[in-house]
Amino acid sequence: MGALHEGHLSLVRAARASSDVVAASIFVNPTQFGPNEDLAKYPRSFESDRELLEREGVDFLFAPSTEEMYLAGAVTWVTVEELSSRLDGRSRPGHFRGVLTVVTKLFHIVEPDAAFFGQKDAAQVAIIRRLVLDLNLPVEIVVCPIVREADGLAMSSRNAYLSRDERKQSLVLRRSLLHVQRLAEAGEWNAARLIAAAREEVDREPSVRLDYFEIVDPDTLEGVEHVSGRALVAVAAFVGSTRLIDNVVLNAKD
């Protein structure tokens with residue numbers, strides 16, 4: 001959606017490394033914002049974004065208007081049942097309906113062989129993968145690692161909203177994930193105990209309000225009781241009025 005940072009540019013570089021032609025889109029999609037969310041103030045920096053993409057060797061930039069993407073009177077939506085009401089979908093009703101509709105439109109317009117997404121938006125990744133599978137869309141979904149600031153905060157366009165104090169407070173998201181990761185590596189695979197430990201860590205930062213901390217199957221986003229194989233550990237929290245997300249993937253030995 002623009003306001004590009006190194007996380008976005010890492011996707012461009014991954015695409016460039018494995019593709020003959022790279023296309024990027026910039027579109028602040030109104031249908032994925034709720035009525036009390038930050039559509040009006042979402043950071044927009046189109047000219048600098050365009051220059052960054054050009055510098056990275058992007059061949060095509062698609063930057064449509066809202067009117068181009070959503071015809072007047074349009075009543076068609078794309079949804080993935082059940083998955084779209086988990087994690088961020090539960091906290092932001094209708095969010096994934098907007099995401100999936102615009103992603104389907106972009107796939108149809110551009111017809112890419114591969115599409116590159118960041119692991120930070122893990123729920124979005126799982127739902128888009130299901131969309132592609134269920135609708136037999138001829139596109140490969142490539143997931144790239146989270147890119148972090150030097151202190152560990154996951155890069156996000158919304159980080160620009162944070163005050164200096166909030167920026168420090170936001171690091172508790174990463175600390176809670178690392179705490180769970182250390183406990184798991186020490187042999188604790190019970191999801192309820194891991195989540196409780198993470199919540200204690202977040203509670204040490206009283207100005208941060210937890211939205212959710214869950215351990216789920218990375219494909220179905222259903223909660224797990226015991227970690228076996230791969231599991232997604234996902235957190236969302238409000239730092240001031242800014243909602244941030246982060247995650248880590250556990251790999252159990254058994």
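**Exercise 1.** In this predicted model, determine how the axes of helix α5 (residues 95–110) and helix α6 (residues 122–134) are arranged, and classify their orientation.

*Solution.* 
Step 1. Two packed helices are described by the angle between their axes and the distance between the axes.
Step 2. The axes of α5 and α6 come within 11 Å and cross at roughly 55°.
Step 3. Angles under 35 degrees count as roughly parallel, and 65 to 115 as roughly perpendicular; α5 and α6 are therefore oblique to each other.
Step 4. The crossing of α5 past α6 is right-handed.

**Exercise 2.** Identify the residues that form the contact of α5 with α6, and sort them by class.

*Solution.* 
Step 1. From α5, the contact draws on F96, V99, L100, V103, T104 and F107.
Step 2. Sorted by class, ten residues are nonpolar, two are polar and none is charged.

**Exercise 3.** Describe the largest nonpolar core and the contacts of I128.

*Solution.* 
Step 1. The largest nonpolar core comprises 33 residues, and L87, F107, I128, I141 and L221 have the most contacts inside it.
Step 2. At least two residues of this core come from each of α5, β3 (114–118), α6, β5 (208–216) and β6 (230–239).
Step 3. The most is given by α6, with eight residues.
Step 4. Apart from its neighbours within four places in sequence, I128 contacts L100, V103, F107, F117 and I141.
Step 5. A second, separate core has 27 residues, including L162, I195, L244 and V248.

Terms used: Residues numbered from 1 in each chain as written. Predicted model: local features only at pLDDT ≥ 70, side-chain atom pairs only at ≥ 80, totals over all residues. Heavy atoms only, no water. Axes fitted to C-alpha atoms, helices over the stretch in contact; angles between N-to-C directions. Helix = DSSP H or I, 4+ residues; strand = E, 2+ residues; numbered from the N terminus. Parallel < 35°, antiparallel > 145°, perpendicular 65-115°, else oblique. Left-handed = near helix turned anticlockwise from the far one by under 90°. Contact = heavy atoms within 4.5 Å. Nonpolar A, V, L, I, M, F, W, Y, C, P; charged D, E, K, R; others polar. Core = buried A, V, L, I, M, F, W, Y, C linked by side-chain atoms within 4.5 Å. Buried < 20%, exposed > 50% of the residue type's maximum accessible area, 1.4 Å probe, protein only.
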